[in-house]
Amino acid sequence: QILYNAIRYSQSAALAKWSQWASVRLDLLPETLCLLLAQFQANAPVHSIQHTLFELESAGLHVTLSEPDSASFPVNSRNLSGGMLKLSKLEDRPFASGTPAQVHGAVLGGQKVVVKVGHPCVETELLLDFELLRRAATIIHNWIPSLRWLNAPSTVSQFEAAMSGQCDLSQEAHHLSVFKYNFRRKSSWISFPQVIFASPAVLIESFEPGELATEVAKRGLEMDRPEAHFIIARGE
């Protein structure tokens, strides 16, 4: 609880991202700690609807408030296929928030979609976080010989490299398309969101039901290893 509170109150984007990774490592960390850290998967600090609208407009989306007291924001722009995109009923409160961005629900062509918008100054915050983490890792490595086996500076560098591109949502859209292609042979039992619009700060995609990775990891621990391997290999 102390570790969770420290990360929560620090408002560190890097530590929040580490928490998301650690929350699924039930093989390394206590289950109680993993369940606490799992809250960072969808309950990270949120930004205002004003910033969301600002980013949509900055991405070239023409945003208008249909009614003064309504949470519906018609948006007109062009999607990846070149057609006109008309987004409506954008929810003013996000239903999930992660480290680099938060997610709002909306409607497109009568179907529910998700609008992912980057948090303000998240890239600058990450740069500052990793500078502090590098200095702390160097101190630990140089002054605590018993912990040198951890190779803390290298660990921080690897984590920074993995995080460096996550602030650009257009990269996430590209990776999602590659991920979908690589799993195309398992499309009968697994689905991926369809990218509709992408820019560095905005990602609009189809809504797909799912569950937190922590829940999947917990079920995996309850299975025998051969059974888990069979499910992964066969998709059944």
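Modeller: Begin with exposure: a residue is buried under 20% relative accessible area, exposed over 50%, and partly exposed in between. E160, at 22%, is therefore partly exposed. Keep in mind that this is a predicted model.

Colleague: What share of the residues in the protein chain is buried?

Modeller: Of the 236 residues, 35% are buried. The chain has 9 helices and 8 strands. Its accessible surface is about 14,400 Å², and carbon and sulfur atoms hold 58% of that. For contacts with a separation of 6 or more, 50% join residues 24 or more positions apart.

Colleague: How should I read a salt bridge?

Modeller: Side chains of opposite charge can pair when their charged atoms come close. The cut-off is a Lys or Arg side-chain nitrogen within 4 Å of an Asp or Glu carboxyl oxygen. The count here comes to 4 salt bridges.

Colleague: Which residue forms a salt bridge with E131 at 2.7 Å?

Modeller: That partner is R134, with 2.7 Å between the closest N and O atoms. Both residues lie in helix α5, 3 residues apart, about one turn of the helix. R134 has a relative accessible area of 27% and is partly exposed; E131, at 29%, is also partly exposed.

Colleague: Where does the salt bridge between R134 and E160 lead in the chain?

Modeller: The N to O distance of that bridge is 2.5 Å. The pair links distant parts of the chain, since R134 is in helix α5 and E160 in helix α6, 26 residues apart. Through shared partners, the salt bridges join E131, R134, R135 and E160 into one network.

Colleague: How do I read aromatic pairs?

Modeller: Two rings pair if their centres lie within 6.5 Å, and planes over 60 degrees apart make the pair edge-to-face. By this rule there are 4 aromatic pairs. The rings of F179 and F192 have centres 5.0 Å apart and planes at 80°, so they form an edge-to-face pair. F179 belongs to helix α7 (residues 169-182), whereas F192 lies in the loop between α7 and β7 (195-198), so the pair ties together parts 13 residues apart in sequence.

Colleague: Is F192 buried or exposed?

Modeller: F192 counts as buried because its relative accessibility is 12%. F179, at 41%, counts as partly exposed. F192 also pairs with F183, where the centres are 5.9 Å apart and the planes are at 50°, a tilted arrangement. F183 is partly exposed, with a relative accessible area of 30%.

Colleague: Over which ring does the charged end of K112 sit at 4.5 Å from the centre?

Modeller: That ring belongs to F207. The charged end of K112 also sits over the ring of F95, 5.6 Å from the centre.

Colleague: What about nonpolar side chains on the surface?

Modeller: A nonpolar patch there is formed by I139, I140, W143, I144, L147, W149 and L150, with about 770 Å² of accessible area together. One member, I144, lies in the loop between α5 (122-143) and α6 (152-163). At 34% relative accessibility, I144 is partly exposed.

Colleague: Which residues does T52 touch, leaving out those up to four places away in sequence?

Modeller: T52 touches H47, L90, Q102, H104 and V117. T52 lies in helix α4 (residues 49-58) and, at 0% relative accessibility, counts as buried.

Colleague: How far apart are A59 and V202 in sequence and in space?

Modeller: They are 143 residues apart in sequence and 7.0 Å apart from C-alpha to C-alpha. A59 is in the loop between α4 and β1 (62-63) and, at 24% relative accessibility, is partly exposed. Beyond residues up to four places away, A59 touches F197, S199 and V202.

Key
Residues are numbered from 1 along each chain as its sequence is written. This is a predicted model: local features need pLDDT of at least 70, side-chain atom pairs count only at pLDDT 80 or more; totals for chains, interfaces and linings use all residues. Side-chain values use heavy atoms; hydrogens and water are left out. Helices (H or I, at least four residues) and strands (E, at least two) are DSSP runs, numbered from the N terminus. Buried means under 20% relative accessible area, exposed over 50%, partly exposed in between (1.4 Å probe, protein chains only). Contact means heavy atoms within 4.5 Å. Accessible areas come from the Shrake-Rupley method with a 1.4 Å probe; for residues, only the protein chains shown count as cover. Patches are made of residues with over 30% relative accessible area and no salt bridge: like charges are joined within 9 Å, nonpolar side chains (Val, Leu, Ile, Met, Phe, Trp, Tyr) within 5 Å. Rings of Phe, Tyr and Trp (its six-membered ring) pair if their centres lie within 6.5 Å; planes under 30 degrees apart count as stacked, over 60 as edge-to-face and the rest as tilted. A charge sits over a ring if NZ of Lys or CZ of Arg is within 6 Å of the ring centre and within 35 degrees of the ring normal.
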